[in-house]
Amino acid sequence: MPSTEEQRAEAALAAAEGWPGVREGETLRTTDLSGMTLAVRRRAGGVDGLEPALLVHGLGGSSRNWSALMEQLAADVECEALDLPGFGASPPPPTRDYSVYGHARAVIRLLDAGGRAPVHLFGNSLGGAVVTRVAALRPDLVRTLTLIAPAMPERLPRLTSLPTGLVGVPGATRLLRWATRDQAPGRRARAVLRLVYGNPERITPLEFAMAEAEMERRQGLPYFWESLGRTTRGLLNAYTLGGQHSLWRQAERVLAPTLLVYGARDRLVGVASARRAGRAFGFSRLVVLPEAGHVAMMEFPAEVAGAFREFLTEAAVAAGDRGEADGRP
């Protein structure tokens, strides 16, 4: 007889497959990690023997946010993208720990269990903060780090990001649930897309239809507001940590070569923080896309893939130079 966790995983996967969230060439599976269940989206590489990559989405997102980029990278890396606990097709964590550390532990457990590490680790927004923690805590799991508009503390947060932050205020999700109870999923989906895209005209009808279907599915989940509110609160709490636990100090501990991708039209993460990120991460390459918003991998997947390929070449040359300096063949 299936366990309760297995039943929840099967129900979540069935729900995910019931909406148009899996592109041709992708698969979606769930994996049980001693009580924690994670959904993992995979696109097989175009050739055998490619190095593995793991991609981590942002606040309110899902592994589907990486589909376009995974397609672009099919000849370069073997891509998997996970749904963080409580998002996409992943059920809530049994502990209800939605902190940045909690999500980082989920990523680490997946990598430890999968035997694919070290991987090329990608993160967008919240996912950028999560994978920065992972790279600082477990450098053995990470080949390279690619951060797309990472959610790092800013001295002067953007005004357009404040409504998102308010979701983390205790009691705010109950108010939002009441205020949006009659709002059509399509209206909410369009508002979210317009916030994260640099140019809303780049939102294709297919992308909007899929976002609307996903929003409708999410609103029917009993834990939708809990996962969104508690994860937002966890991110805000991470911003307040000081000393060795601060996200910027964690960034300084990252040993992996790091690619930083920012959008000049990002309404949530200011490009000004890109300069600080370039100083914090040791070996790093900074790319600013002038027309991109908060989700460059969705808006400009070909450009992000091209930047990643160039970055891999630079990282390989730098590694060779370091080897020669150390006297290694």
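Biologist: What should the 12 residues of helix α7 span at 1.5 Å a residue?

Modeller: This is a predicted model. Helix α7, residues 185-196, should span 16 Å at 1.5 Å a residue, and its end C-alpha atoms are 17 Å apart, which agrees.

Biologist: Which residues of α7 are buried?

Modeller: Pro185, Gly186, Arg188, Ala189, Leu193 and Val196. Seen down the axis of α7, these buried residues fall within an arc of 165°, so they line one face of the helix.

Biologist: Why would residues three or four places apart point the same way?

Modeller: Because an α-helix has 3.6 residues a turn.

Biologist: And what covers the buried residues of α7?

Modeller: The cover includes α8 (205-219), α9 (224-240) and α12 (296-299).

Biologist: Now the sheet. What is the order of its strands?

Modeller: The sheet is open, has 8 strands with mixed pairing, and runs β1-β2-β4-β3-β5-β6-β7-β8. At the edges are β1 (26-33) and β8 (284-289), each of which pairs on one side only. From one strand to the next, the twist averages 20°.

Biologist: Do β5 and β6 pair in the parallel or antiparallel sense?

Modeller: Parallel, over 6 bridges between β5 (residues 119-124) and β6 (residues 142-148). Gly123, for instance, has Leu147 in β6 as its bridge partner.

Biologist: Which strands does helix α4 touch?

Modeller: Helix α4 (residues 126-137) packs on the sheet and touches β3 (51-56), β5 and β6. The direction of α4 makes about 145° with that of β5.

Biologist: What about α11, which strands does that helix touch?

Modeller: Helix α11 (residues 272-280) also packs on the sheet, touching β7 (258-263) and β8. Its direction makes about 175° with that of β7.

Definitions and conventions: Residues are numbered from 1 along each chain as its sequence is written. This is a predicted model: local features need pLDDT of at least 70, side-chain atom pairs count only at pLDDT 80 or more; totals for chains, interfaces and linings use all residues. Side-chain values use heavy atoms; hydrogens and water are left out. Helices (H or I, at least four residues) and strands (E, at least two) are DSSP runs, numbered from the N terminus. The expected span of a helix is 1.5 Å times one less than its number of residues. Buried means under 20% relative accessible area, exposed over 50%, partly exposed in between (1.4 Å probe, protein chains only). The arc is that of the directions from the helix axis to the C-beta atoms. Contact means heavy atoms within 4.5 Å. Two strands pair if DSSP finds at least two bridges between them. Axes are lines fitted to C-alpha atoms, for helices over the stretch in contact, and angles run from 0 to 180 degrees between N-to-C directions.
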